[in-house]
Amino acid sequence: MKNIITQSLEKSYTYKQYRSFVTNALLNNPEILELEEGYLSYAELNEARLNRLDKTMVITDQVQAKLQQLKGAYIWLVISESWCGDAAQILPVLNKMAEASTAIDLVVVFRDQNNELMEEFLTNGGKAIPKLIVLDKNTLEVLADWGPRPDGAQKAVVDYKAEFGQFDEQGIVVLQKWYAKDKGVAIQNEVMEMMNSVAVAANL
């Protein structure tokens with residue numbers, strides 16, 4: 001596992017680098033994103049979401065205080081893709097959280113370029129993203145993982161499938177409305193709860 005982690009980190013981007021890479025690719029050379037047919041429109045829509053959320057996302061005072069009190073040193077390794085609607089909602093939150101703590105370095109990798117890593121963090125057997133992997137910065141030990149979406153968003157997906165038998169374009173709209181209403185609070189609280197458990201386990 002450590003070799004897989006190391007190899008993925010070597011191919012990782014800072015959040016700023018990731019955003020710049022995708023933005024430039026969409027403008028000049030979408031082919032390098034290796035998108036499946038029909039996925040370009042999703043990536044372009046997510047670019048607009050990311051631009052908006054990078055400007056408007058706010059970390060709650062309570063979470064910010066906890067982040068500033070974190071002890072230890074961590075890498076948040078996030079598996080993502082430009083076409084993923086959940087990632088577009090979640091990455092800006094994780095970035096703002098990492099910026100609020102000197103204990104956290106956030107890096108991003110593309111799922112389809114890091115298949116071995118993705119295979120280690122499947123969700124119900126599927127390659128669901130985004131996936132946040134918490135690493136000890138010094139040892140690269142995996143301490144915890146989270147994703148692909150907060151509990152409330154997952155319930156919205158499950159409920160929609162139960163009612164309509166599938167998760168279609170209208171289901172995506174329902175999910176995005178959930179994210180808009182929540183304003184990133186559930187993500188912050190769930191990830192912070194995970195980090196508190198990590199700290200307790202390490203006696204920090």
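Trainee: Which residues in H8 meet Val185, Ala186 and Ile187 in H9?
Mentor: In this predicted model, the H9 side of the contact is made up of Val185, Ala186 and Ile187. By class, the contact of H8 with H9 has five nonpolar residues, no polar residues and one charged residue. The residues in H8 that meet those of H9 are Trp178, Tyr179 and Asp182.

Trainee: Are H8 and H9 roughly parallel or roughly perpendicular to each other?
Mentor: Helix H8 covers residues 169–182 and helix H9 covers residues 185–201, and their axes lie 7 Å apart. The two helices pack at an angle of about 75°, and angles of 65 to 115 degrees count as roughly perpendicular. H8 and H9 are therefore roughly perpendicular.

Trainee: Is Met97 buried or exposed?
Mentor: Met97 lies in helix H5, which spans residues 85–99. Its relative accessible area is 0%, and a residue counts as buried when that value is under 20%. Met97 is therefore buried.

Trainee: In which sense do strands S4 and S5 pair?
Mentor: Strand S4 runs over residues 131–136 and strand S5 over residues 142–146, with four bridges between the two. Within this pair, Leu132 stands opposite Trp146 in S5. The sense in which S4 and S5 pair is antiparallel.

Trainee: Which residue in the turn between S4 and S5 has a positive phi?
Mentor: S4 and S5 form a hairpin, and five residues lie between the two strands. The positive phi in the turn is about 65°, and it belongs to Leu140.

Trainee: What radius of gyration does the protein have?
Mentor: The C-alpha atoms fill a box of roughly 45 × 35 × 35 Å along the principal axes, and 46% of the 204 residues count as buried. With 204 residues, a compact globule would have a radius of gyration near 17 Å, and the value for the protein agrees, so the answer is 17 Å.

Trainee: What pattern does the protein follow when read along the sequence?
Mentor: The protein has nine helices and five strands. Among its contacts with a separation of 6 or more, 75% are between residues 24 or more positions apart. Read along the sequence, the pattern is α-β-α-α-α-β-α-β-α-β-β-α-α-α.

Notes: Residues numbered from 1 in each chain as written. Predicted model: local features only at pLDDT ≥ 70, side-chain atom pairs only at ≥ 80, totals over all residues. Heavy atoms only, no water. Axes fitted to C-alpha atoms, helices over the stretch in contact; angles between N-to-C directions. Parallel < 35°, antiparallel > 145°, perpendicular 65-115°, else oblique. Contact = heavy atoms within 4.5 Å. Nonpolar A, V, L, I, M, F, W, Y, C, P; charged D, E, K, R; others polar. Pairing = 2+ DSSP bridges. Rg over C-alpha atoms; globule rule 2.2 N^0.38 Å. Buried < 20%, exposed > 50% of the residue type's maximum accessible area, 1.4 Å probe, protein only.
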